[in-house]
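Biologist: I would like to learn how to read a chain like this one, feature by feature. Could you give me the general idea each time, and then the case at hand?

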Amino acid sequence: MARVTLSEGQSRFLFWFIVVVFSAVIGLISYNLYLKWKLKNVRVEIVEIKPVVINIPEELKIPVETTPPTPLLVEFEEFDYEKLRNEMADFVSEEQTVSSFVVNKDDALRIIRRSGLPYLISPVSTDTYSVVLLGEFEDFSQVAQKSLYGVFVITTVSENLSKELSYDLRVAGYPSYVYAFSRGNIKYYSVVVGAFPTLKLAEDYFEKLDWNDIMERMGTKKPGYAGRLISP
C-alpha cells in the first residue's frame with residue numbers, strides 16, 4: 001500500500017484545521033450546556049393586566065336620555081241610569097235578604113259598584129234613586145234598611161211567563177223584575193216595577209207610572225198596586 005506523505009505546510013494546515021474544528025465543537029457543546037442551565041433558572045409568571053378605568057368628571061358626563069313612563073289612564077264611570085237599570089237583577093224571592101238605600105246618583109253608583117252585589121234601582125226624584133242590594137251590605141254614610149216595597153203589576157203561576165212580561169217592561173224602560181213567593185202549596189210569580197225601602201215611596205212611584213201603557217203591554221184591564229215584598 002502506498003503511503004501518503006504530507007509536506008510540512010500541509011501538515012501544519014491540517015493541524016490547525018483540526019484544532020479550529022475541535023474548538024468550535026467544544027464551544028457549541030459549552031454554549032448548549034449554558035443554555036440548558038439558564039432555562040432551569042428561568043421563572044415564568046403570568047401577570048393579568050387589568051383594564052384601565054378612566055374616571056370622567058361629573059361635569060363632562062353626557063346625560064342619557066330616557067323616555068318618561070306613560071302615565072296610567074284612570075277611567076271614571078259616570079252615572080247612567082238606563083245602563084244600571086238594564087244590568088239590575090231580574091229575579092227576587094221572598095227569602096232574600098236586602099239592603100236598601102235612598103241616595104243621590106253619585107252615591108247610588110258608588111254603593112252598587114262597591115258592594116259588588118246584585119241590585120235593583122228605581123228613580124225617586126230627578127237626582128235621587130232607591131238602590132236595593134240583594135244581600136247584606138253596610139255603607140259608611142248611612143244605615144241600610146232591610147225592607148223592600150214595589151208596585152205589583154200582574155201575578156201568575158208561570159215563572160217563564162212572568163219573566164217574559166217583566167222583560168217586555170224592562171225593554172220599554174221600566175225597572176221591572178220578577179218576585180217569587182208561596183201561598184200554601186202554590187208558588188206565585190209577580191211582575192213588579194220599582195224597588196223601594198218604604199211603602200210611601202212605592203205609592204208615590206205608583207202615581208207616576210203610565211198605567212195605560214203598562215196595561216196594554218201586560219194585557220190587563222186594571223192598574224196594579226203598591227205593596228210589600230220583603231220585611232226585616
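Biologist: What percentage of the residues of the chain count as buried?

Modeller: A residue is called buried when its relative accessible area is under 20%, exposed when over 50%, and partly exposed in between, using a 1.4 Å probe and protein chains only. By that criterion, 33% of the 232 residues of the chain are buried. Please keep in mind that this is a predicted model, in which local features need pLDDT of at least 70 and side-chain atom pairs count only at pLDDT 80 or more, whereas totals for chains, interfaces and linings use all residues. Residues are numbered from 1 along each chain as its sequence is written, and side-chain values use heavy atoms, with hydrogens and water left out.

Biologist: How many helices and strands does the secondary structure of the chain come to?

Modeller: Helices (H or I, at least four residues) and strands (E, at least two) are taken as DSSP runs and numbered from the N terminus. The chain has six helices and eight strands, and along the sequence they follow the pattern α-α-β-β-α-β-β-β-α-β-β-α-α-β.

Biologist: Which order do the strands of the five-stranded open sheet have?

Modeller: Strands of a sheet pair through backbone hydrogen bonds, either parallel or antiparallel. Here two strands are said to pair if DSSP finds at least two bridges between them. The open sheet of five strands runs E1-E6-E7-E5-E8, with mixed pairing. Strands E1 (91–93) and E8 (225–230) are at its edges with a single partner strand each, so one side of each has no neighbour in the sheet. Neighbouring strands are turned by 45 degrees against each other on average, direction ignored, where axes are lines fitted to C-alpha atoms (for helices over the stretch in contact) and angles run from 0 to 180 degrees between N-to-C directions. Within this sheet, E6 and E7 pair in the antiparallel sense over eight bridges, and Val178 has Val191 in E7 as its bridge partner.

Biologist: Which residues of H4 are buried, and why do they line one face of the helix?

Modeller: The buried residues of H4 are Ser162, Leu165, Ser166, Leu169 and Arg170. Seen down the helix axis they fall within an arc of 145 degrees, so they line one face; the arc is that of the directions from the axis to the C-beta atoms. They pack, with contact meaning heavy atoms within 4.5 Å, against elements including helix H2 (81–87), strand E5 (148–156) and helix H6 (211–218). The face turned away from the buried side carries the exposed residues Asn160, Glu164, Tyr167 and Val171. After H4 comes Gly173, with a positive phi near 110 degrees.
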